[in-house]
Amino acid sequence: MEISFKKTNGHLDELLNEILNMAEVHHPEIIREMLISALKTGQENDYLADLKMLRVTMKEMRYTSKMFSPYRDRKKVTIFGSARTAPSEAIYQKCVTFSRQLVRLGYMVITGGGPGIMQAGNEGAGAANSFAVNIRLPFEQETNPVMENSGHSITYRYFFTRKVAFLKEAHAVALFPGGFGTQDEALETLTLIQTGKNPPIPLVLIDDEDGGYWEPWLDFVKKVMFKRGLISGEDFSLFTITRDPFEAAQIIDDFYRIYHSSRWVGQTLVIRLNKHLSPENLVTLEGEFSEIIEPGSRLEMIKAMPEESDQPDLLDLPRLAFRFNKRNYGLLKAFLRRLNSF
């Protein structure tokens, strides 16, 4: 039987509707497409290992949504860093201070759930204000004692689903010194923000007191990547390096002083705000950032567009809309920082 996403499947559609009604699901039209996808996969792929991977992926993402959804109204910061950092080290205590300050400012913390910097982040925030998104590894990375019985912990089989959780739920990312994993997470976050595949968020690199980790990394970025023309000058707006945990927390909080969030509606970038901008503010922004605005477009304060009804909790926020050129994401970050200065 050929299965279609359109409602032309005869008796199968009747059975699907019966299942959806019996299960009393939210947004049945979306769940129907998910069920059709599963059935089509079963028809098209007889390779059991592939089907098992898809099954586990769906289960992990379902539980991720279940764990985080009650806290949708709380901003969260994902913290990355070495699992090998000992509690006696100064950088461990700096992470405890940083995460404790985030909670004072109203944020929650997400870590990888293991030892080292991950445990420091959970320790500073406390289990009630933390999440642990752990990974099953051959050498058994156990969930740290702060989070093991918290109810805010999940252990993933696949790195890719875990990475989705780290960034999907994060309003900012903070990176402490670490190994290959930390570098991977830093560069992946940079890449996703630089290409617009992740909404603009603060990315803060928190260094040792002697600047011995991220500052040499910055030298490489400047002297090798930038010098060769592999990145552009505006890309330095994508991240901030600091040695001060209080400054790091304030950088994150300042980013959301006026800016709230953003999304695309067709070709229009809609920036949701915590307060209205004046006509004079719009003139200033247009003058300073004209190159990121597509020809023929201009900055406009608008109400929620009909397409945004899928996020009903955000409908009352004022909005700034324009056609962004989809190239200069470093300048877009600078634009948002300027917006926050009004």
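Okay, hi everyone. A cavity here is a set of grid points where a 1.4 Å probe fits but cannot get out. Keep that in mind while we look at this structure, which is a predicted model.

The space in the largest cavity comes to about 40 Å³. Two helices, α6 (159-168) and α7 (180-194), are the elements that each give two or more residues to its lining. If you want to find the spot on screen, look for Phe80, Lys163, Phe166, Leu167, Glu185, Glu188 and Thr189, which line that cavity. Sorted by class, that lining has three nonpolar residues, three charged ones and one polar one.

What volume does the largest pocket have? About 1,900 Å³. There are 48 lining residues, and Met61, Ser65, Arg72, Lys168 and Glu169 are the closest to the pocket's centre. The elements giving two or more residues to this lining are α2 (28-44), α3 (48-68), α6 and β8 (259-265). Which of them gives the most? That's α3, with 12 residues.

Last stop, helix α11, which runs over residues 329-339. This one is mostly covered, with nine of its 11 residues buried. Among the buried ones are Tyr329, Gly330, Phe335 and Leu339. Lys333 is on the buried list as well.

Key. Residues numbered from 1 in each chain as written. Predicted model: local features only at pLDDT ≥ 70, side-chain atom pairs only at ≥ 80, totals over all residues. Heavy atoms only, no water. Buried < 20%, exposed > 50% of the residue type's maximum accessible area, 1.4 Å probe, protein only. Helix = DSSP H or I, 4+ residues; strand = E, 2+ residues; numbered from the N terminus. 1 Å grid on protein atoms, 1.4 Å probe; cavity = no way out; pocket = protein on both sides within 12 Å on 5 of 7 lines; lining within 4 Å. Points joined across faces, edges and corners; volume = space filled by probe spheres on them. Nonpolar A, V, L, I, M, F, W, Y, C, P; charged D, E, K, R; others polar.
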